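Here's a quick briefing to read alongside the coordinates.

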Amino acid sequence: MALLEVQELEKKFGPHYALSKISLQIYPGEIHALVGENGAGKSTFIKIITGVYPQDGGRIFWSGKQEMISSPKAARELGINVVHQDRHLIPSFTGLENLFLGTDYPKRKLTRGILWSEMRQKAEKLKENLGIEIDLRKTAMEMSPPEKTLLEIMRAMMMNCRLLILDEPTASLTDKESELLFQLIHKLASQGTSIVYVSHRMDEIFRLADRITVLRNGQLAGTVNKSEADKEMIIRLMTNAEVKNSIIEKKFVPSSASSVLKVENVATKDGKVKKASLNVRQGEIVGLFGLAGSGRTELLEAIYGTRPIEKGEVHLSNKRVHKLSPRHSLDSGVILIPEERRSDALIMGMSIRENMTLPVLKQFSNGLKITDRKEKSEVAKWMEYMNVKASSSEQPIHELSGGNQQKVVFAKALLSNPVLFLCDEPTQAVDVMTRDEIHRLLKEQADKQCCVLYVSSDLKDVLDISDRIYVLHDGVTVAEFINDDVTPDQILQICYNKGKESEPAYG
Ligand SMILES: Nc1ncnc2c1ncn2[C@@H]1O[C@H](COP(=O)(O)OP(=O)(O)OP(=O)(O)O)[C@@H](O)[C@H]1O
């Protein structure tokens, strides 16, 4: 019997169906992947079965019994837990405190004092059962992304989870860290826990899933056994179109080409970047790869001017910048596409149009007022170009799916005609077609004599797009490769062999 069965599930936002007559079953111990283009309805489905949204139609059965999942608490009581991309941990709490969050701490009968030793014992037992090595004395903010994911999975299992939903769990993990996470997922499934695995990364889906459900425009495009499917078939189900294989040609930009960015021995005040040196030339796409905690985001922030530097020099177009700041970067045509785009790149209360044109309103002014027509036609052009799925440019940005928000961030960046893109995980959470689209677009920009510094935790992503690659380890740039015949292994060897301290925390 299915653990979870939904029949003809529906959800409407205004006149628009986000989900229409979805029926599927999840069996005990099954790893079930849920895939679909950005805006296909995956998050809406998860929100309904975890009690965040009420359904507008259809039925939900749990172990054969019809249920109304009216709140997240009701979902947890049934045994349904979700680990989100935006992790739900309290940063200043220790691992142990976070683990017991939302549960009744065990207390002494008379004094009501918390029984920490009992909590520790329970946590240790769970760690042993799951084969997890993690230091629960660390606070959540001291933990690396894989450690946080583990902690959330442990927390779910603490609550007797029977259906664990993982929403893009590998988004900021490297291949090796992901591989270890997969082992844990298999272990959970073999112990009887059902897994719903949401991801845009096809390799992982085929590596992990028993069955794959594809959503398209809020409808069920199909559920298939992995053994009977291949990537092309899944993409066809997602898009209803033939697969285009786009390979980005790498180019060799000679060292005599004019330098747009030069970073020399930069160290940040907080010590996250210790000694970084690199250069990016006109027309070039340069990848920056490192494990979680290597300082890749921090280096981009230092260059952009949001993370103070203590030592070293940054030169833009051969001029040393003495006072790095976001204002100076914007004025110099440097754009940062941040990893935390929801909080750092978009204003959730504003519309798509307002978000896109806010930094460049001057472009649309005739000296006296903003010319609406010009603004709207530019916005429409970029929305079409980026294939943003929305009811209109006036739709509030918070109503868009995660991937469509990412597309708006890109469109906004393009509107300001940058000379240098600093991209931090730009393809995170976007579907495979949009990933190719973003690559193509950056390539086009580079061909127009712009240039790109590209950070991604997905090594394949870096190898697919970059002309040259720097490797960052513990805040230090330790290697540089021309991306002609360099292999993923060569790069990972450097990352892992440079220091044992960056070993991921799995047992
Ligand atoms: N609160 C809301 N108000 C209005 N429309 C919404 C709301 N939440 C989602 N939608 C719409 O419902 C549709 C499905 O969105 P959903 O977030 O479920 O997609 P998704 O498959 O999870 O996409 P992604 O891969 O980009 O995260 C989209 O068209 C989205 O704009």
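A quick definition first: a residue counts as buried if 20 or more other C-beta atoms lie within 10 Å of its own. Keep in mind that this is a predicted model. The chain is assigned domain 1 (4-239), domain 2 (257-333 + 418-499) and domain 3 (344-417).

**Helix α8**
- Helix α8 spans residues 231-239, and its buried residues are Ile-234, Ile-235, Leu-237 and Met-238.
- These four sit on the same side of α8, because they cover an arc of only 160 degrees around the axis.
- In general, an α-helix has 3.6 residues a turn, so residues three or four places apart point the same way.
- What do the buried residues of α8 pack against? Their partners are β3 (31-36), α7 (202-208), β9 (211-216), β10 (219-225) and α15 (432-447).

**A buried loop residue**
- Ala-171 belongs to the loop that runs between β7 (163-167) and α6 (175-190).
- Ala-171 counts as buried because it has 21 C-beta neighbours inside 10 Å, and the cut-off is 20 or more.
- Val-214 is 43 residues away from Ala-171 along the chain, with 20 Å between their C-alpha atoms.

**Domains 1 and 3**
- Taken over C-alpha atoms, the centres of domain 1 and domain 3 are 33 Å apart.
- Four residues from domain 1 and five residues from domain 3 make up their contact.
- On the domain 1 side, the touching residues are four polar, with no nonpolar and no charged ones.

**Ligand site**
- The ligand has 17 residues around it, and Ala-18, Asn-38, Ser-43, Ser-401 and Gly-403 come nearest.
- Sorted by class, the shell holds ten polar, four nonpolar and three charged residues.
- At least two shell residues come from each of α1 (42-49) and α14 (402-415).
- Why does the ligand shell lie between domain 1 and domain 3? Both domains give residues to it, so it lies between them.

**Nonpolar cores**
- The largest nonpolar core has 67 residues, and Ile-337, Ala-411, Phe-421, Leu-422, Val-452 and Tyr-454 have the most contacts inside it.
- α14 gives the most to this core, namely seven residues.
- Domain 2 and domain 3 each contribute at least three residues to this core.
- Leaving out residues up to four places away in sequence, Val-452 touches Ile-285, Val-286, Phe-421, Cys-423, Leu-442, Gln-445 and Ala-446.
- There is also a second, separate core of 55 residues, including Leu-4, Ala-40, Ile-48 and Ile-80.

Technical notes: Residues numbered from 1 in each chain as written. Predicted model: local features only at pLDDT ≥ 70, side-chain atom pairs only at ≥ 80, totals over all residues. Buried ≥ 20, exposed ≤ 12 C-beta atoms within 10 Å, placed from the backbone. Arc of directions from axis to C-beta. Contact = placed C-beta atoms within 7 Å. Near = placed C-beta within 6 Å. Nonpolar A, V, L, I, M, F, W, Y, C, P; charged D, E, K, R; others polar. Domains from an automatic or database assignment. Core = buried A, V, L, I, M, F, W, Y, C linked by C-beta atoms within 7 Å.
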